[in-house]
Amino acid sequence: MRFRGTLDIACDNKKVSSIHVLGQVTFEVHLAANEQGGKHYIHVGAQGSNTLETEFTIYVESEIKEIIVDIKEPSYNPGETMKALLSLKDQAGIIAPGVISIDIIAPGNDWLGTWKADSNAVFEFPFGRHTVPGNYTISATYNALLKEMHFTVKELKQLGFDTKDNFITITNTGNVMYDDTVELYLESPEKKYLFSKEIQLAPGASTVVELYKEVPDNNYTVTIQGLWQAATVSVQDTRTFGEKSKDNVNDITGAVVGGGAVSYIRIETVDTIPK
């Protein structure tokens, strides 16, 4: 191109430079490091010894520069679901498509698995009722990029109770070892009883209180202080004399399903039942 005058260069209708030219000229268009990916239109206009206008298109590759992990909540109870919005951003800070690899690491550096999620999608990870409490890590990778965020599963110490006829089933519905004394109050029309049990139950484990071994036949209202309110049970001992004698020998500790131990401490009559 040979001419005398001024060469104006614009990119996407924005002037980027103006060059005074005498004779032949070679020019370069420098784009910013954070220029948006995709098509860009270059317009060249020359004013001087002659007039010239030309336009051409260049294409800028979109390059992923960052992984964003936006965890909705910093801590969760057992049984809840962790949700995180994961996205990829290019050099211009614009959300870009792609597939992100996700690892979840539990306390003690225990790897729970790998999942895949599309960019700009919500990843969900449900926790079971007995999920180990502590600090967890979500590790997101895309090619050589890595982003880690942390969240917590709260500690839950909790028992669940179920009654049926002569039995009360006590289950550790929390996510930590339950090691404590449980006091059951049984009230019949004639008497009130306090029945104490020292319980060691692993998460998910259960034990059964066989009421017919502990109190006389009758209808009882059962209350577990601070944990569970009033249920009515009908206690009836149908064991033979020989079965009773055998049970008296074996009832030093209670049976546990799922891990733990139960010790019977005492049973006594009481005047009132705490509210």
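**Figure 1. Surface and overall make-up of the predicted model.** The protein exposes about 15900 Å², and carbon and sulfur atoms supply 48% of this area. The model is predicted. Of the 275 residues in the protein, 35% are buried. Among contacts with a separation of 6 or more, residues 24 or more positions apart account for 55%. The close-up views below show individual residues and pairs.

**Figure 2. The aromatic pair of tyrosine 76 and phenylalanine 151.** The structure has 10 aromatic pairs. In one of them, the ring centres of tyrosine 76 and phenylalanine 151 are 6.1 Å apart and the ring planes stand at 90°, so the pair is edge-to-face; the angle is over the 60 degrees required for that description. Tyrosine 76 belongs to strand β6 (residues 75-76) and phenylalanine 151 to strand β13 (residues 145-153), so the pair ties together parts that are 75 residues apart in sequence. Tyrosine 76 is buried, with a relative accessible area of 4%. Phenylalanine 151 is also buried, at 1%. Both residues count as buried because their values lie under 20%.

**Figure 3. The aromatic pair of tryptophan 115 and phenylalanine 125.** A pair of aromatic rings is described by two quantities, the distance of the centres and the angle of the planes. For tryptophan 115 and phenylalanine 125, the centres lie 5.3 Å apart and the planes meet at 80°, so this pair is edge-to-face. Tryptophan 115 is in strand β10 (residues 110-118) and phenylalanine 125 is in strand β11, so that the pair links parts of the chain 10 residues apart.

Figure 4. Which residues form one aromatic cluster? The members are Tyr76, Trp115, Phe123, Phe125, Phe127, Tyr136 and Phe151. In another view, lysine 157 lies over the face of tyrosine 178, at 4.9 Å from the ring centre.

**Figure 5. Threonine 131 in a loop between two strands.** Threonine 131 is located in the loop that joins β11 (121-126) and β12 (134-142). Although this residue is in a loop, threonine 131 is buried, with a relative accessible area of 16%. A polar atom of the threonine 131 side chain lies 2.8 Å from the backbone nitrogen of glycine 128. Beyond residues up to four places away in sequence, threonine 131 touches Tyr136, Val153 and Asn175.

**Figure 6. The salt bridge between lysine 83 and glutamate 124.** The structure holds six salt bridges. In one of them, lysine 83 is paired with glutamate 124, and the closest N and O atoms are 3.9 Å apart. Lysine 83 lies in strand β7 (residues 81-90) and glutamate 124 in strand β11, and the pair links distant parts of the chain, 41 residues apart. Lysine 83 counts as partly exposed, at 36% relative accessibility. Glutamate 124 is likewise partly exposed, at 46%.

**Figure 7. Two further salt bridges.** The side chains of lysine 65 and glutamate 63 meet in a salt bridge with an N to O distance of 3.5 Å. Lysine 65 is partly exposed at 46% relative accessibility, and glutamate 63 is partly exposed at 45%. A salt bridge also joins glutamate 187 and lysine 192, with the closest N and O atoms 3.9 Å apart. How exposed are these two residues? Glutamate 187 counts as partly exposed, at 31% relative accessibility, and lysine 192 counts as partly exposed, at 26%.

**Figure 8. Alanine 46 and aspartate 8.** Alanine 46 is part of strand β3 (residues 38-48). At 1% relative accessibility, alanine 46 counts as buried. Alanine 46 and aspartate 8 are 38 residues apart in sequence, and their C-alpha atoms are 6.3 Å apart in space.

Technical notes
Residues are numbered from 1 along each chain as its sequence is written. This is a predicted model: local features need pLDDT of at least 70, side-chain atom pairs count only at pLDDT 80 or more; totals for chains, interfaces and linings use all residues. Side-chain values use heavy atoms; hydrogens and water are left out. Helices (H or I, at least four residues) and strands (E, at least two) are DSSP runs, numbered from the N terminus. Buried means under 20% relative accessible area, exposed over 50%, partly exposed in between (1.4 Å probe, protein chains only). A polar contact is a pair of N or O atoms within 3.5 Å; within protein, one must be able to donate a hydrogen and the other to accept it, and residues adjacent in sequence count only if both atoms are side-chain atoms. Contact means heavy atoms within 4.5 Å. Rings of Phe, Tyr and Trp (its six-membered ring) pair if their centres lie within 6.5 Å; planes under 30 degrees apart count as stacked, over 60 as edge-to-face and the rest as tilted. A charge sits over a ring if NZ of Lys or CZ of Arg is within 6 Å of the ring centre and within 35 degrees of the ring normal. Accessible areas come from the Shrake-Rupley method with a 1.4 Å probe; for residues, only the protein chains shown count as cover. A salt bridge is a side-chain nitrogen of Lys or Arg within 4 Å of a carboxyl oxygen of Asp or Glu.
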